[in-house]
Amino acid sequence: MSELSEAKKDILWSLLLELRKELVESQKIRTQIIGFKITFVTAAIGVIATKVITPDIIKGHDAAIYRSLFIIPAFAAIFFDFLIYSYSFSIKRIGSYCRYIIEPQIKSFCEIGPDDDFPLWEEFIDVPAAKQ
């Protein structure tokens with residue numbers, strides 16, 4: 001029984017470490033996507049705006065066509081938002097799994113009771129005083 005519990009401890013610890021690495025990587029990717037979104041949408045609006053405000057294009061049917069191109073950065077921004085939200089959901093899902101599945105088992109192995117003043121990370125971050 002002792003060997004099995006030691007093996008379970010090792011698995012839990014390895015799983016916690018790997019999930020933490022995945023969480024940090026997801027946060028990095030989400031930050032990069034946010035930066036790319038700002039750059040892409042701003043550049044697209046700038047390029048389209050230079051075509052719209054050029055004096056020889058403003059007159060006639062061409063102006064309406066170029067103005068309608070502003071829809072492209074708007075849809076791109078929405079696409080990037082969906083991508084950013086998907087990474088946010090992934091981050092929350094990992095945190096929830098660590099909080100409700102892994103951390104209680106780690107606390108039981110370490111013999112930390114619910115009344116002890118030693119919360120693990122996800123348990124601590126779930127307390128209203130720790131939230132922003």
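The points below cover the pocket, a surface patch, a contact between helices and the salt bridges of this predicted model.

1. Basis. In this predicted model, local features need pLDDT of at least 70 and side-chain atom pairs count only at pLDDT 80 or more, while totals for chains, interfaces and linings use all residues. Residues are numbered from 1 along each chain as its sequence is written, and side-chain values use heavy atoms, with hydrogens and water left out.

2. Largest pocket. Its volume is about 260 Å³. Of the 13 lining residues, Ile91, Lys92, Gly95, Glu122 and Ile125 are the closest to the centre. A pocket here is an open set of points on a 1 Å grid over the protein atoms alone where a 1.4 Å probe fits, with protein on both sides within 12 Å along at least five of seven lines; lining residues have an atom within 4 Å of a point. The volume is the space filled by probe spheres set on the points, which are joined across faces, edges and corners.

3. Lining. H1 (2-52), H4 (71-109) and H5 (121-125) each supply at least two lining residues, and H4 gives the largest share, six. Helices are DSSP runs (H or I, at least four residues), numbered from the N terminus. By class, the lining has five nonpolar, three polar and five charged residues; Asp, Glu, Lys and Arg count as charged, Ala, Val, Leu, Ile, Met, Phe, Trp, Tyr, Cys and Pro as nonpolar, and the others, Gly among them, as polar.

4. Surface patch. Ile71, Phe75, Ile78, Phe82, Tyr85 and Phe89 form a nonpolar patch with about 700 Å² of accessible area together (Shrake-Rupley method, 1.4 Å probe). Patch residues have over 30% relative accessible area and no salt bridge, and nonpolar side chains are joined within 5 Å. Phe82, in helix H4, is exposed at 60% (exposed is over 50%, buried under 20%, partly exposed in between).

5. Leu19. This residue of helix H1 is buried, with 13% relative accessibility.

6. Salt bridges. The whole structure has six (a side-chain nitrogen of Lys or Arg within 4 Å of a carboxyl oxygen of Asp or Glu). Lys107 and Glu123 pair at 2.7 Å between the closest N and O atoms, linking helix H4 to helix H5 across 16 residues; both residues are buried. Arg99 and Asp126 pair at 3.6 Å, joining H4 to the segment after H5, 27 residues apart. Glu6 and Lys9 pair at 3.2 Å; they are separated by about one helical turn because they lie three residues apart in helix H1.

Notes: Patches are made of residues with over 30% relative accessible area and no salt bridge: like charges are joined within 9 Å, nonpolar side chains (Val, Leu, Ile, Met, Phe, Trp, Tyr) within 5 Å. Buried means under 20% relative accessible area, exposed over 50%, partly exposed in between (1.4 Å probe, protein chains only).
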